[in-house]
Number of protein chains: 2
Amino acid sequence: MRVLGIDPGLTRCGVGVVEGVPGRPCKLVAYYVVYTEADEDIALRLRHLDESLAKLVAEHRPESVAVERVFSQHNVRTVMGTAQASAVAILAGARARLPVQTYTPSEVKAAITGSGTAGKAQVTSMVTRLLGLDKPPRPADAADALALAICHIWRGGTRARIAAAAQAAARRTGAPR
Amino acid sequence: MRVLGIDPGLTRCGVGVVEGVPGRPCKLVAYYVVYTEADEDIALRLRHLDESLAKLVAEHRPESVAVERVFSQHNVRTVMGTAQASAVAILAGARARLPVQTYTPSEVKAAITGSGTAGKAQVTSMVTRLLGLDKPPRPADAADALALAICHIWRGGTRARIAAAAQAAARRTGAPR
């Protein structure tokens, strides 16, 4: 399956596209970081992110989208922007009628390294190894997005299929939302 | 000018459409509350909100959109959903290439009642009077969205025109974003 992972951020949003099956090394398709300027108007920043993610989804046609779940343990100012970026990221998948799954940072770390408290360097090191890359993906936002995609392939395959089936069933029956 | 005000929320999102000019009573065009179910998948909730707001913008063709700015003094769990809903609200205007302005709750209260610390009842009472309604708009989310639209007409007209001119100039010159 092909998964597009998104590490949401307003200033830097990591995107990673990976192909694979549960429990086996995965294949890197592409990775990106979408940047917006901190002094730019919020409406223009969100629109730029929205358009960029829509293009990447259209270009890579993933079967599902994995987005990092936002928590509030961070700086409060930062977390508001991250929450807004996560909404845009989730919408990018939802508007393309793809199943969207969110994962907490510790779920991703545990899936990739075996430890939910692993550091960034360890995650990047495992992503590099699991994708068979010569050197670590840079910047770190891209590595995190790739880790999300790998996590989804290994952990989420079943859940994504269930969600897709439920969505398809809802569409067929025209169930009110 | 016609303004669409949005009081963002994931469970209840208020939308109010108002016409008017600065300093004069305004005319109510319409108001709505978009609901999503708390136990529904986040991707489906955001998509439903996105589609509903896009329809309302297309239907009412406002000249600008006013959105309440999210702060973090609330419950942390709630605020994440509100931040996500606010991103969808801002995008609804930005994708329609409309100027989007955000206002803090105290800016709205001050514009409508003269006091930035006015209570909800006082805001609702003034919205009812300023729009010449027989009875208060219900539920309160709708009243707050109408208050935002009135606030924007009274306070934001100039700022919105400047932003629109800047956006148009950027489009003309193809300035990189």
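What follows is a conversation about its fold, its charged pairs and its chain contacts.

Visitor: Before we start, what sort of model is it, and how are things numbered?
Guide: This is a predicted model, in which local features need pLDDT of at least 70, side-chain atom pairs count only at pLDDT 80 or more, and totals for chains, interfaces and linings use all residues. Residues are numbered from 1 along each chain as its sequence is written, chains are lettered from A and ligands numbered from 1 in the order in which they are written, and side-chain values use heavy atoms, with hydrogens and water left out.

Visitor: How many helices and strands does chain A have?
Guide: Chain A has 5 helices and 5 strands. Helices (H or I, at least four residues) and strands (E, at least two) are DSSP runs, numbered from the N terminus. Along the sequence, the pattern of chain A reads β-β-β-α-β-α-β-α-α-α.

Visitor: And what share of chain A is buried?
Guide: Of the 177 residues in chain A, 53% are buried. Buried means under 20% relative accessible area, exposed means over 50%, and partly exposed lies in between (1.4 Å probe, protein chains only).

Visitor: What share of the contacts in chain A joins residues 24 or more positions apart?
Guide: Among contacts in chain A with a separation of 6 or more, 65% are between residues 24 or more positions apart. Contact means heavy atoms within 4.5 Å.

Visitor: On to charges. How many salt bridges are there over all chains?
Guide: The count is 18 salt bridges over all chains. A salt bridge is a side-chain nitrogen of Lys or Arg within 4 Å of a carboxyl oxygen of Asp or Glu.

Visitor: Which residue does A:Arg47 pair with?
Guide: A:Arg47 forms a salt bridge with A:Glu51, and their closest N and O atoms are 3.8 Å apart. Both residues belong to helix α1 (residues 42–60) of chain A, where they sit 4 residues apart, about one turn of the helix.

Visitor: Is A:Arg47 buried or exposed?
Guide: A:Arg47 counts as buried because its relative accessibility is 8%. A:Glu51, at 30%, counts as partly exposed.

Visitor: What about A:Arg95 and A:Asp50?
Guide: Their side chains meet in a salt bridge, at 3.2 Å from N to O. This pair links distant parts of the chain, since A:Arg95 is in helix α2 (residues 76–95) of chain A and A:Asp50 is in helix α1 of chain A, 45 residues apart. A:Asp50 is buried, with a relative accessible area of 3%, whereas A:Arg95 is partly exposed at 30%.

Visitor: Which residue of chain B does A:Arg95 bridge to?
Guide: A:Arg95 also forms a salt bridge with B:Asp50, with the closest N and O atoms 3.9 Å apart. That pair crosses between chains, from helix α2 of chain A to helix α1 (residues 42–60) of chain B. B:Asp50 is buried, with a relative accessible area of 3%. A:Asp50, A:Arg95, B:Asp50 and B:Arg95 are linked in a network of salt bridges.

Visitor: How many salt bridges and polar contacts join the two chains?
Guide: Between chain B and chain A there are 4 salt bridges. The count of residue pairs in polar contact, both at pLDDT 80 or more, is 5. A polar contact is a pair of N or O atoms within 3.5 Å; within protein, one must be able to donate a hydrogen and the other to accept it, and residues adjacent in sequence count only if both atoms are side-chain atoms.

Visitor: Which elements of chain B contribute to that side?
Guide: The elements giving two or more residues to the side of chain B that touches chain A are α1, α2 (76–95) and β5 (100–103) of chain B. The largest share, 12 residues, comes from α2(B).

Visitor: How much area do the chains bury between them?
Guide: Chain B and chain A bury about 2700 Å² between them, 62% of it on carbon and sulfur atoms. Buried area is the accessible area (1.4 Å probe) that two parts lose on being put together, summed over both. In contact there are 30 residues of chain B and 29 residues of chain A.

Visitor: How many disulfides are there?
Guide: A search of the whole structure finds 0 disulfides over all chains, a disulfide being a pair of cysteine sulfur atoms within 2.5 Å. B:Cys26 is buried at 7% relative accessible area, and B:Cys151 is buried at 0%.
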